[in-house]
Amino acid sequence: MPRTDRFLDIRRDPHSDELLARGGDSEAHSVLQRAGFIAVVRVHETYHRAPTGLTEDGESDLAIDAVARLRAAGYHVDCDEDFDTDYRPASYLPLGSSVAHIAERIREATTTEEAADALTELTAAHDGILAALEEVLIATADFHDGLGQAADPYIARRLRYLADEHLHVIRTDLAHTRNALADRHAPHPGRSTCHGEVPATERERSAVCACPPPPRTLPAPPPPAAAGLRR
């Protein structure tokens, strides 16, 4: 059976005439956002709508682009006839994939040095990912300063607060964690560095590697019996 989260609908709602996209998984939601849709999160559903203020032609262009991107990524998209297209744009790995690769490096790390090296990409003082994120927050705050609506100065202050307080805590804690790992110079006891090589001196003919057997896990002791009441 095909996965239901690989199916989406992009249509105009027959009651409100809104352009809506429904269905899909988190990857599809990212594709929709990059095409220009806005996520609407509800308790039982997350769907996407077109930004306000677009013309009908603008909404159609948005929908056609989303259909093309989603189909290029392997999704099955049912859509209004006006949005159907055979165009398939080239797809590129988004920037977030490069950052997610750091998590994969940490999952595969077998020593504290390897984990520290991966975390350095986040915590480097000048050109680390968190330093770049701080620049993004400040630049967005600067953008709101002169945008002209009453709420914009508040948004700018809020963004600077996030950079100065919340992000600062994350950067400080992660930098401390990275430095502590770099100082330890230790293998991870629960992760094997096995390469599947069997030495000629191995006695067990069934061996597929030279790793020692995993440590035995002792069963948890039973809970203590409740003491009887004294008479």
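**Figure 1. Arginine 12 and its polar partners.** The side chain of arginine 12 reaches out to the backbone oxygen of glutamate 56, at 3.4 Å. A second polar contact, at 2.6 Å, joins this side chain to that of glutamate 59. (A polar contact is a pair of N or O atoms within 3.5 Å; within protein, one must be able to donate a hydrogen and the other to accept it, and residues adjacent in sequence count only if both atoms are side-chain atoms.) The model shown here and in the other views is predicted, so local features need pLDDT of at least 70 and side-chain atom pairs count only at pLDDT 80 or more, while totals for chains, interfaces and linings use all residues. Residues are numbered from 1 along each chain as its sequence is written, and side-chain values use heavy atoms, with hydrogens and water left out. Arginine 12 sits in strand S1, residues 7-12, and is buried, with a relative accessible area of 18%. (Buried means under 20% relative accessible area, exposed over 50%, and partly exposed in between, with a 1.4 Å probe and protein chains only.) Beyond its neighbours within four places in sequence, arginine 12 is in contact with residues including Asp17, Leu19, Asp80 and Phe83; contact means heavy atoms within 4.5 Å.

**Figure 2. Two residues with positive phi.** Most residues other than glycine have a negative phi. Aspartate 17, in the loop between S1 and strand S2 (19-23), has a positive phi near 65°. Histidine 185 also has a positive value, near 50°. You will find histidine 185 in the segment after H6, where this residue is exposed, with a relative accessible area of 54%.

**Figure 3. Arginine 71 in helix H2.** Helix H2 covers residues 56-72 and includes arginine 71. The side chain of arginine 71 comes to 2.8 Å from the backbone oxygen of valine 77. Not counting residues up to four places away in sequence, arginine 71 touches Val77, Cys79, Asp84, Thr85 and Arg88.

**Figure 4. Helix H3 packed against H4.** H3 (residues 95-108) meets H4 at an angle of about 165°, with the axes 8 Å apart. That angle makes H3 roughly antiparallel to H4. (Axes are lines fitted to C-alpha atoms, for helices over the stretch in contact, and angles run from 0 to 180 degrees between N-to-C directions; under 35 degrees counts as roughly parallel, over 145 as roughly antiparallel, 65 to 115 as roughly perpendicular and the rest as oblique.) On the H3 side, Ile102, Arg105, Ile106 and Glu108 take part, and their partners in H4 include Glu114, Ala118 and Leu122. By class, this contact has 5 nonpolar, no polar and 5 charged residues. (Ala, Val, Leu, Ile, Met, Phe, Trp, Tyr, Cys and Pro count as nonpolar, Asp, Glu, Lys and Arg as charged, and the others, Gly among them, as polar.)

**Figure 5. Helix H4 packed against H6.** H4 (residues 112-123) and H6 (residues 152-184) pack at about 150°, their axes 8 Å apart. H4 is therefore roughly antiparallel to H6. Among the residues that make the contact are Ala115, Leu119 and Thr123 of H4, together with Leu174, Arg178 and Leu181 of H6. The residues of this contact divide into 8 nonpolar, 4 polar and 2 charged.

**Figure 6. The whole protein, for orientation.** The protein has 6 helices and 5 strands. (Helices, H or I with at least four residues, and strands, E with at least two, are DSSP runs numbered from the N terminus.) Of its 231 residues, 24% count as buried.
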